[in-house]
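The sequence and structure are shown first.

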Amino acid sequence: IPGVNLPLTDFFYYFLSLAISSIYHETGHALAAVREGVRIHSFGLFVLIIIPGAFVNLSTEQVLNLRVWNQLKIYTAGVWHNISLALFAIILLLINPILLSPLYSQPEGAVLAHIEPFSGASGPNGLREADLITGINDCKIMEVSNWKQCLLMIANYPRIGYCVSNDFIEKERSFALNPQKCCDDNSEKSLCFSKNNSLEKMCLPVRQLLDKTSMTCNTSDDCIKNLDKNYNCLKPMADHNSTKLIIIGRHGKPNVLFWGTPSELFQSIILIKYKPKMTSLPLIIIHYYETLL
C-alpha cells in the first residue's frame, strides 16, 4: 500500500516492474501454447486498483488434450520467463560499471545525483550535483551504502560536543538583544552552544569554531585530558534531540554544515556510485535505471 508499507517515491518502480513482469510472464504462457499448437482466444492488460497485470486466454480443450509433459510446459512457461527476466536484470546491474566506464568513473565515496530544493543542505554554500561526498562527521563514506549507515549512527547517538579554547569563546561570543534568546534572528551563521552540559549558553559562529578544533568530546574532562585546562566542551543546543550538527565532507570542496535531522538528509538526497567524466552527463537517470533493475 503506497504511503503505508511502500514509500510513495518507490511506487513508480514497483508499478512499472510489476507491469513488465506480468506482461513477460503471460508472454511465456502464450509462446509455449503457440509452440504446442494451442489456440489463443485473447490477451490483454488490466489494473486492479493500483496493481497492474496481464492475462492470456487459451483454448482449455486443446490444452487438456495435450500430454501431461506438454501441458506442464505451458503452465510453467510464465515462471521460467520471470526467472530469465530477473537474471537479465542482475546481469545488467553487474555489467553496468563496465558499460558506463567510458563516461563515468567510480571513485571512493558517494556521488550526489540529486538534492531537493527544500533541503537544508542545499543553497549557495550547500551541496551540488556531482559532489563527491567522502564523510559525515567522523563517519567515512566509502560507498553509497555507507551513507545510510552513517546517518543512522548519528541519529542514534547523543549530540557530540567540540573542544573549544576559552580565548576563542571570549573573542567570538556574541550576545542577543533579547535576554530570552541565545542568538539573534540575524545570526544565521551562528549556533547556540552549552558549556560542559551546563545551563550556561553562548552564541558562536559555527564554521570558525569548527576550523579551530578537530576534537570532539562529551564533557570538558575529555578536552582537559587531551589538551589543557584552557579548553571546554561545547555542545550545540536545539529544541529537539533529533536535531544534529552534521559536517558533510566533500572531495576538493569545503565542508557543508547542516543543522537539522539525519532523516531530512536521507529523504532529500539521492546518491550514486558513478562520477561523470564530463560535466554535461546526467546523473539522476542512472539512479532511476538501476533502481528499476
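In this predicted model, the S-S bond of Cys 163 and Cys 223 has a torsion of about -90 degrees, so this disulfide is left-handed. The bond links distant parts of the chain: Cys 163 belongs to strand β7 (residues 161–165) and Cys 223 to helix α7 (residues 220–226), 60 residues apart. Cys 163 is buried, with a relative accessible area of 1%, and Cys 223 is buried at 0%.

The whole structure contains five disulfides. Three of them, including the pair above, are listed here.

| Disulfide | S to S distance | S-S torsion |
|---|---|---|
| Cys 139 and Cys 150 | 1.9 Å | about -65 degrees |
| Cys 163 and Cys 223 | 2.1 Å | about -90 degrees |
| Cys 182 and Cys 192 | 2.2 Å | about 95 degrees |

The disulfide of Cys 139 and Cys 150 is left-handed. Cys 139 lies in strand β6 (residues 139–140) and Cys 150 in helix α4 (residues 144–156), eleven residues apart. Cys 139 is buried at 16% relative accessibility, and Cys 150 is buried at 1%.

The disulfide of Cys 182 and Cys 192 is right-handed. With bonded cysteines numbered in sequence order, the pairing in the protein chain is 1-2, 3-9, 4-6, 5-7, 8-10.

The helix contact involves α1 (residues 11–35) and α9 (residues 284–292), whose axes come within 10 Å and cross at roughly 50 degrees. The two helices are therefore oblique to each other, and the crossing is right-handed. Tyr 13, Leu 16 and Ser 17 of α1 meet His 287, Tyr 288, Thr 291 and Leu 292 of α9. This contact comprises four nonpolar, three polar and no charged residues.

Conventions. Residues are numbered from 1 along each chain as its sequence is written. This is a predicted model: local features need pLDDT of at least 70, side-chain atom pairs count only at pLDDT 80 or more; totals for chains, interfaces and linings use all residues. Side-chain values use heavy atoms; hydrogens and water are left out. Axes are lines fitted to C-alpha atoms, for helices over the stretch in contact, and angles run from 0 to 180 degrees between N-to-C directions. Helices (H or I, at least four residues) and strands (E, at least two) are DSSP runs, numbered from the N terminus. Angles under 35 degrees count as roughly parallel, over 145 as roughly antiparallel, 65 to 115 as roughly perpendicular and the rest as oblique. A crossing is left-handed if the near helix is turned anticlockwise from the far one by less than a right angle, and right-handed if clockwise. Contact means heavy atoms within 4.5 Å. Ala, Val, Leu, Ile, Met, Phe, Trp, Tyr, Cys and Pro count as nonpolar, Asp, Glu, Lys and Arg as charged, and the others, Gly among them, as polar. A disulfide is a pair of cysteine sulfur atoms within 2.5 Å. Buried means under 20% relative accessible area, exposed over 50%, partly exposed in between (1.4 Å probe, protein chains only).
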